Structure formats: C-alpha cells, structure tokens
Amino acid sequence: MSKPIHFPPDFIWGSATSAYQIEGSPLADGAGPSIWQRFCAVPGNVRDGDNGDIACDHYNRYKEDVALMARLGLKAYRFSVSWSRILPQGRGAVNQPGLDFYSKLIDELLAHGIEPMVTLYHWDLPAALDDRGGWLNPDIADWFTDYTRILFKAFDGRVKSWATLNEPWVVTDGGYMHGTLAPGHRNLHEAALASHNLMRAHGSAVQAYREIGRHQIGIVVNIEPKYPASQSQEDLDATRRADAYMNRQYLDPIFLGSYPPELKQMFGDAWPDWPAADFDLIGQKLDFVGINYYTRSVVRNEPSNWPLKVAPVRQPQATYTETGWEVFPQGLTDTLTTFTQRYGPMPVYIMENGSAFYDPPNAENGRVHDPLRIDCLRKNMQALSNALAQGVDVRGYMVWSLLDNLEWSLGFAKRFGIVHVNFETQQRTLKDSAYLYADIVASNGACL
Ligand SMILES: N=[N+]=NCCCCNC(=O)[C@@H]1[C@H]2[C@H](O)[C@@H](O)[C@H](O)[C@@H](CO)[C@@H]12
C-alpha cells in the first residue's frame, strides 16, 4: 500500500541542464575551448563521434526553451555556466559577451517567474587551464574562486541559489581514475589529487561567496546508495568501500572534517595525508546540499577489480534504463534518510533525477509516448514524498532533464529529456512525461 503523496506548499519544482550538454556554439562570441571540446575531438571518446558543437542550440534558442519551461509551469531552472565563455583562458581577461549571454538568460527566466539556480562548474574546464594541469594544479582553487567572484558580482542580485560543483565524484572517477570522461586520464595518484583540489576549490569559492553574496550556496553531489549482495564479511566490506568512495568521499570532509578512512586503505600511497588547513577551507558552512539520484548499486567483493575490488550485481527482476541503471525508487528515500542521519538535518534539493529510455516520436501524430519514464517519475515522486514524511528537509526537485541532450561520452543516443529534441531540425516536442510533470507542478503532486 503506497503512502499518501504530499509535498510542502512552497516546494520548488524545476528542471536541470548543463552548459556543454545543451548550448552548442562553444566558441561563439569570444568563448574559449573547454576540455570537452578537446575530448569529443578525439576519435572513439564519444559514441557516434558526437560533440557539443550544436547540441540543442540553446545558446541561440534560449528564449524558446524558457518559454517551454513556462509552458510546463516550472518554478526554477538549474543550469550551469561555461567557465570558458566567461574567461576564455580560464583566468585573466573577462569575455563580456559570455557574461551577457547568461545575463540575458537570467532575465528571461525572471521575466517568466522562473528562479535561476546556477551551477558554477559542470565538468567543462577551460582547456587553457588543463594545459596548466587543470584539477591537478593546486592553483586551481584560486583560478576557480576568481571565476566565481566574477559571477557572484555580476549575478548575485538576480540569482539566489548557487552551487559550486556538480558531482565531483564523476569529475574524478571519469576524468582521472578511469579516463572515460574529459580530460581522459587513468591514474590513481591523479584521481586522489584532482578530488582533493576540487574540494579545496569548492571551499574557497564558498568562502568568497560569504564576502560577496547575499543568498544561498551549496554543492551538488551524486549519491548512489550501496546494498550488499550478501551478508558475508567480504561483501559487507566491499559495500562499505564502495559507499566511502562514491558517496561519503565528498560530504564527509565538508561536514565531518575528514575523508572516510577507507579511501587511504584503497588508494594506498596515492592518498597523501592532506594538510589540516585544507579541511578548514573545505568545511565552509553550506546553505544547502544538492543531491543527484539515479540508481542504487548492489555490491559484492571482487578482488580482481582495480582499485576498489568491488563489482555490481545485476538484479534479474528489475527494470534497467538505457544507461544500464536499475530503476530503484526506494534508493531515493534511503539516500535522503541516510544523508540526514549521517550529516544532520539541513535543506536538501534533488538537483537531478530522471531516466534514459528510447522513445521515438509516433509517426502518425508526432506524440512522444514514454511510459517507462512516466513510471519511473511516478515511483520517484512516491519515494520523495516518503522521505519528506520521514522528516527530511527536501526543498525542491529538478527533473533531469528538460531537453534530450549530449549525454557526455554516450553522445545523443541516450535521451533523458522530458522534451524530445530532433537534433536535425532542433524541433522540441513535449513527451508524455512532460505533460505529467506539468500536472505534478501545477498540483504540487496532488495529481499523483
Ligand atoms: N554506474 N552508475 N551509476 C550512476 C552514477 C551516476 C553518475 N552520473 C551522473 O549522475 C550524471 C549526472 C550529470 O550531472 C549529468 O550531466 C548527466 O547527464 C546525468 C545523466 O548521466 C547524470
């Protein structure tokens, strides 16, 4: 028996995207290249040779897309700023047309009564900074802070919600541990260093915001709850290692002042004893935490798997999305209750939640029927309501994503949008899930 669904009257419903995945025109009006421009240009890195040169052409179509958000009745829109549009060299001279684009986007959102929620870094590091070591260079904390100060000064009068980083785990695991994402490195020592520098940069930017900003700032992390495949000690230990590496690695230093001990055990001499002063910087007080929830993982011990010695166990009865993620809404409830138990009550936003399924437009009527995404959305709404009923202070929900977009190294083949994009014609078509989401927003979940 499912529990009654209820959301607080001021619950904030929105959608989320990121710059490189939707904007296109990466070098327009003086912008500099990012590491994703470079990564996509290397054959084999991105499925079908896809790249962000056009994507959803949002750079030119942002007014049309804001009108879509208004059509859906969204209260907020989470988007990221491309660092290299603002600072083509990553530091130094400001590119005014880059600032102007985001200023116009923010004004368009506000004109439609939609709150802008800005992510300062969503993976598209300026290539010029990567040439100087990127996240491996300790100076990046200052480079990032200088970049964020420009945005705080330019937009804090109109932007009330800032997030420093999007998913530092993915940046580190994909970009430096396994090389599956830009900049494509595969090095344990680099992964540890990049991870720590990301957190130093986060803390430094929050510190800067406290001098300049008047509203709220936080971080966005992906949380994937881990469940042991068996109660054997090996599997229980493996589950704890996986949880430490993916989930606790970024929130522990912020809220508990230290990294999980399992990391030093896993990384060995690749994990130095970081300076104590770094934890004072990283531990800046936050106004909220953004959580991206997609799936869970059932974990078993697997000694042959570098470096965590864990392996996922597929669940035969479960539904899996096009990205191979189990649909497991209970994991959303567990993520939120576990978060509150470990770090204490504080405002939380679900900054991303969604699913990739293949839903081609109907040839006759052009409608896009996406029943699996609708089923996933309904179940996640129930799970979110259950977490609220257990006292978790969830303030809002941003569906990932507004538009079908560039799914990083998976290209355009994996579609998360509630709005279908024809990448040849750039035509947007509301999927059935968009109509449902509009009803959820309009009724504050009462339609469910
Ligand atoms: N194995 N496994 N488990 C799931 C791990 C999820 C890690 N990836 C994300 O959360 C990315 C986040 C990103 O912000 C967005 O830019 C991406 O488009 C979405 C969809 O991929 C999600």
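Predicted model: local features only at pLDDT ≥ 70, side-chain atom pairs only at ≥ 80, totals over all residues.
Me: What makes the span of helix α7 close to the expected one?
Reply: Helix α7 covers residues 140-155, which is 16 residues. The expected span is 1.5 Å times one less than the number of residues, and for α7 that comes to 22 Å. From its first C-alpha to its last, α7 reaches 22 Å, so the span is close to expectation. The buried residues of α7 include Trp-143, Phe-144, Tyr-147, Ile-150, Leu-151 and Phe-155.

Me: How many residues does helix α5 have, and what span does it reach?
Reply: Helix α5, residues 96-111, has 16 residues and reaches 22 Å between its first and last C-alpha atoms, close to the 22 Å expected. Its buried residues are Gly-98, Leu-99, Phe-101, Tyr-102, Ser-103, Leu-105, Ile-106, Glu-108 and Leu-109.

Me: What covers the buried residues of α5?
Reply: The cover includes the helices α1 (19-22), α3 (58-72), α4 (83-86) and α7, together with the strands β2 (76-80) and β3 (115-121). After α5 comes Gly-113, with a positive phi near 70°.

Me: Why are α13 and α14 called roughly parallel?
Reply: The axes of α13 (residues 330-343) and α14 (residues 371-389) cross at roughly 25° and come within 8 Å. Angles under 35 degrees count as roughly parallel, and therefore the pair is given that label. The crossing of α13 and α14 is right-handed.

Me: Which residues make the contact between α13 and α14?
Reply: From α13 these are Leu-332, Thr-333 and Leu-336; from α14 they are Asn-380, Ala-383, Leu-384, Asn-386 and Ala-387. By class, this contact has 5 nonpolar residues, 3 polar ones and no charged ones.

Me: Why does Asn-386 count as buried?
Reply: Asn-386 is part of helix α14. Its relative accessibility is 10%. Buried means under 20%, so Asn-386 counts as buried. Leaving out residues up to four places away in sequence, Asn-386 touches Lys-3 and Thr-333.

Me: How do you know that α14 and α15 are roughly parallel?
Reply: The axes of α14 and α15 (residues 432-443) come within 9 Å and cross at roughly 25°. With the limit for roughly parallel set at under 35 degrees, the label therefore applies to α14 and α15. Their crossing is right-handed.

Me: Which residues of α14 and α15 meet?
Reply: On the α14 side they are Arg-373, Ile-374, Leu-377, Arg-378 and Met-381, and on the α15 side Asp-432, Ser-433, Leu-436, Tyr-437 and Ile-440. The contact of α14 with α15 divides into 6 nonpolar, 1 polar and 3 charged residues.

Me: What makes Tyr-397 buried, and which residues is it in contact with?
Reply: Tyr-397 is found in strand β11. Its relative accessibility is 1%, and the limit for buried is under 20%, so Tyr-397 is classed as buried. Apart from neighbours within four places in sequence, Tyr-397 is in contact with Phe-11, Ile-12, Trp-13, Gly-14, Ile-350, Asn-353, Leu-377, Met-381, Leu-384 and Tyr-437. Among these, Leu-377 and Met-381 of α14 and Tyr-437 of α15 also take part in the contact of those two helices.

Me: Why are the phi values of Trp-408 and Asn-444 pointed out?
Reply: Most residues other than glycine have a negative phi. Trp-408 is not a glycine, yet its phi is positive, about 50°. Asn-444 is likewise not a glycine and has a positive phi of about 55°. Asn-444 lies in the segment after α15, whereas Trp-408 is in the loop between β11 and β12.

Me: Is Trp-408 buried or exposed?
Reply: Its relative accessible area is 4%. The limit is under 20%, so Trp-408 is buried.

How values were computed: Residues numbered from 1 in each chain as written. Heavy atoms only, no water. Helix = DSSP H or I, 4+ residues; strand = E, 2+ residues; numbered from the N terminus. Buried < 20%, exposed > 50% of the residue type's maximum accessible area, 1.4 Å probe, protein only. Axes fitted to C-alpha atoms, helices over the stretch in contact; angles between N-to-C directions. Parallel < 35°, antiparallel > 145°, perpendicular 65-115°, else oblique. Left-handed = near helix turned anticlockwise from the far one by under 90°. Contact = heavy atoms within 4.5 Å. Nonpolar A, V, L, I, M, F, W, Y, C, P; charged D, E, K, R; others polar.
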